[in-house]
Amino acid sequence: MEEHVPTPPAVPGLTPQAAAFLASRRVGRLATADAAGRPHVVPICYVLDGASLLLALDEKPKRVDVGRLRRVRNIQENPNVAVVVDDYSEDWSRLAFVLVRGAGSLVRPGEPAHAPAVALLRAKYPHYQAMALEERPLLQIAMTRVAAWGALDAPPPEPLPAERLAFPGIIRGRRSVRAYADRPVPRALVEACLEAAGWAPSPHGRQPWRFALITRPAVKQRLAEAMGAEWQRNLAMDGQPAAVVETRLRKSRERLMNAPVLVLVCLYLADLDAYPDAGRQAAEQTMAVQSLGAAVQNLLLTAYHLGLDGGWMCAPLFCPSVVAAALGLDPALIPHALITLGYAARDPVRRPRRPLSELIVLDE
Ligand SMILES: Cc1cc2nc3c(=O)[nH]c(=O)nc-3n(C[C@H](O)[C@H](O)[C@H](O)COP(=O)(O)O)c2cc1C
């Protein structure tokens, strides 16, 4: 249920945005200090009512005399308190917090402010319906000063689903996404993905990968057109009907234009060992390509962990020089894969995996 947002009373710094932020968030941190100034911080559920924050003194799961709670003892010794309510997101353009300073006091059952506060707390937190709040004192924080920072108007961040946070879930959850929502990807997240790519294993630790980042529509279009022309030649060579060629080209172009971020993964061979014989030289190059795959996997897993999704397009492998020319890349960079990044428009259908019994071909 929506908590009402009051017209801001005369609390310095309690702007309508700060009040709306406090009213809409569900958890804050309350700092108290004892007479000697020793600090104590606890998470709190609270409601905003005019110039006060109100919170229940329920002690979950066990019930103790509220007078024994450290936060209550501290307030009785020293009423000065602070509360911070904040938003965290991997997208740091959405960070925000409101800091409240005020004076804490107990509101006992039967006092005029008690019953309305219990009603507000129950409206915001259904868990309180089953708790005997009316029998217990509440804590009132009379706000004296409010400070706010950051993107207060952004909607509260949705917590990432559990599968994106735990390692096995990340491995299985990563999926190839081919359609993205119209939502920009923060640069910091892209850099985190590329940083993770750089930690992949590589032959002699030479890190034979380089990345070209493409976000501007004009550059995406240039790349799409260059690759499209090459692909058209290839499909025509395969004897594909013109209508089929046209549809496939259009879809591929749309896929590039629709992705908020393209990462062109290039092979860079200049730092590899040189061998006098062709066999070992070829193996050295194969190792570099293998490690490129490991780098891309790091990139994709990190993207998924950060709430993004990715897709792997092999097209540059079939026309590396066309791609390099379209982007004006150094000739020592060999385009291998195009990774799309963004927020998935919808959940894609996944391919089932072969059972382990099929994958293990020797076990003795
Ligand atoms: C080397 C490589 C090249 C790929 N190239 C393409 C591609 O050009 N287009 C595409 O849609 N998917 C491409 N994929 C993605 C695969 O189709 C995808 O990983 C596979 O269908 C399994 O789906 P999942 O990634 O959702 O588990 C490529 C994957 C790899 C490893």
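1. Strands S10 and S11 pair in the antiparallel sense, over five bridges. Two strands count as paired if DSSP finds at least two bridges between them, and strands are DSSP runs (E, at least two residues; numbered from the N terminus). Within this pairing, Gly311 has Thr340 in S11 as its bridge partner.

2. The model is predicted: local features need pLDDT of at least 70, side-chain atom pairs count only at pLDDT 80 or more, and totals for chains, interfaces and linings use all residues. Residues are numbered from 1 along each chain as its sequence is written.

3. S11 (residues 333-342) also pairs with S9 (residues 261-268), again in the antiparallel sense, and eight bridges join these two strands. Leu338 in S11 is the bridge partner of Leu264, while Ile334 in S11 stands opposite Leu267.

4. Both pairings belong to an open sheet of four strands, ordered S8-S9-S11-S10 and paired in the antiparallel sense. Strand S8 (209-214) and strand S10 (309-313) form the edges, each pairing on one side only. On average, neighbouring strands of the sheet are turned by 30° against each other, direction ignored; axes here are lines fitted to C-alpha atoms, and angles run from 0 to 180 degrees between N-to-C directions.

5. How many of the ten residues of S11 are buried? Nine are, and the strand is mostly covered. A residue is buried if 20 or more other C-beta atoms, placed from the backbone, lie within 10 Å of its own.

6. The residues around the ligand are Arg175, Ser176, Arg178, Trp312, Met313, Cys314, Ala315, Arg350 and Arg351. The criterion is a C-beta atom, placed from the backbone, within 6 Å of the molecule. By class, this shell holds four nonpolar, one polar and four charged residues. Ala, Val, Leu, Ile, Met, Phe, Trp, Tyr, Cys and Pro count as nonpolar, Asp, Glu, Lys and Arg as charged, and the others, Gly among them, as polar.

7. The protein chain is divided into domain 1 (16-150) and domain 2 (162-349), with bounds from an automatic or database domain assignment. Their C-alpha centres lie 49 Å apart. Four residues from domain 1 and five residues from domain 2 make the contact, for which C-beta atoms, placed from the backbone, must lie within 7 Å. On the domain 1 side that touches domain 2, one residue is nonpolar, one is polar and two are charged.

Terms used:
A residue is buried if 20 or more other C-beta atoms lie within 10 Å of its own, exposed if 12 or fewer, and partly exposed in between; C-beta atoms are placed from the backbone. Two residues are in contact if their C-beta atoms, placed from the backbone, lie within 7 Å.
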